[in-house]
Amino acid sequence: MIVTNVKIKKVDGDKLDRLKAYVDITLDESLVIHGLKLMQGEQGLFVAMPSRKMRNEEYKDIVHPICPDLRNYITKVVEEKYNSIEEETTVEIA
């Protein structure tokens with residue numbers, strides 16, 4: 001499974017804000033996942049999967065990789081594209 005398209009909308013905000021961008025990705029030119037968030041964590045950037053607030057006030061991921069390798073790959077691709085753009089854009093990956 002490969003990421004074939006990334007759409008990033010950078011978030012303008014205070015340097016203390018953790019949210020850096022909203023992200024949509026396409027996998028294998030067949031499946032689009034909307035609503036990922038690129039976040040700044042204590043150990044660097046990471047991708048937060050789309051989630052929904054449950055009745056018990058906890059958040060539960062709607063979509064998430066089962067394999068840690070896929071999560072790491074998605075984070076790497078999104079981070080690389082985030083660092084290479086200036087403003088909202090769609091980036092094709094060959």
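A residue is called buried when its relative accessible area is under 20%, exposed when that area is over 50%, and partly exposed in between. Asp-28, with a relative accessible area of 37%, is therefore partly exposed. The structure discussed here is a predicted model.

**Overall fold**

The protein contains one helix and seven strands. Read from the N terminus, the order of the elements is β-β-β-β-β-β-α-β. Of the 94 residues, 30% are buried. The accessible surface amounts to about 6900 Å², and carbon and sulfur atoms contribute 48% of that surface. Among contacts with a separation of 6 or more, 38% join residues 24 or more positions apart.

**The nonpolar core**

The largest nonpolar core comprises 18 residues, and Val-23, Ile-25, Leu-36 and Leu-38 have the most contacts inside it. At least two residues of this core come from each of β1 (3–10), β2, β3 (31–41), β4 (44–48) and α1 (68–84). The surroundings of Leu-38 can be listed in detail. With neighbours within four places in sequence left aside, Leu-38 is in contact with Arg-18, Leu-19, Lys-20, Ala-21, Val-23, Leu-45, Phe-46, Val-47, Val-78 and Tyr-82.

Tyr-82 also takes part in an arrangement with a charged residue: Lys-10 lies over the face of the Tyr-82 ring, at 4.5 Å from the ring centre. As for pairs between aromatic rings, the count is zero.

Thr-26 belongs to strand β2, which spans residues 19–27. Its relative accessibility is 14%, so Thr-26 counts as buried. Apart from neighbours within four places in sequence, Thr-26 is in contact with Ile-2, Val-3, Thr-4, Asn-5, Leu-31 and Val-32.

Val-32, one of these partners of Thr-26, is found in strand β3. Val-32 counts as partly exposed because its relative accessibility is 44%. When residues up to four places away in sequence are not counted, Val-32 touches Ile-25 and Thr-26. The C-alpha atom of Val-32 is separated by 8.8 Å from that of Asn-5, and these two residues are 27 apart along the chain.

Asp-28 is located in the loop between β2 and β3. Its backbone has a positive phi, near 50 degrees, in a residue other than glycine. Most residues other than glycine have a negative phi.

**Glu-57 and the salt bridge**

Glu-57 likewise has a positive phi, of about 75 degrees, although it is not a glycine. Glu-57 is placed in the loop between β5 (51–53) and β6 (59–61). The structure holds one salt bridge, in which the side chains of Glu-57 and Lys-53 meet at 3.0 Å, N to O. Glu-57 is exposed because its relative accessible area is 53%. Lys-53, with a relative accessible area of 44%, is partly exposed.

**Accessibility of selected residues**

The following table gathers the residues discussed individually above.

| Residue | Relative accessible area | Class |
|---|---|---|
| Thr-26 | 14% | buried |
| Asp-28 | 37% | partly exposed |
| Val-32 | 44% | partly exposed |
| Lys-53 | 44% | partly exposed |
| Glu-57 | 53% | exposed |

Key
Residues numbered from 1 in each chain as written. Predicted model: local features only at pLDDT ≥ 70, side-chain atom pairs only at ≥ 80, totals over all residues. Heavy atoms only, no water. Helix = DSSP H or I, 4+ residues; strand = E, 2+ residues; numbered from the N terminus. Buried < 20%, exposed > 50% of the residue type's maximum accessible area, 1.4 Å probe, protein only. Contact = heavy atoms within 4.5 Å. Areas by Shrake-Rupley, 256 points an atom, 1.4 Å probe, with all protein chains shown as cover. Phe/Tyr/Trp six-rings, centres within 6.5 Å; stacked < 30°, edge-to-face > 60°. Lys NZ or Arg CZ within 6 Å of the ring centre and 35° of its normal. Core = buried A, V, L, I, M, F, W, Y, C linked by side-chain atoms within 4.5 Å. Salt bridge = Lys/Arg side-chain N within 4 Å of Asp/Glu carboxyl O.
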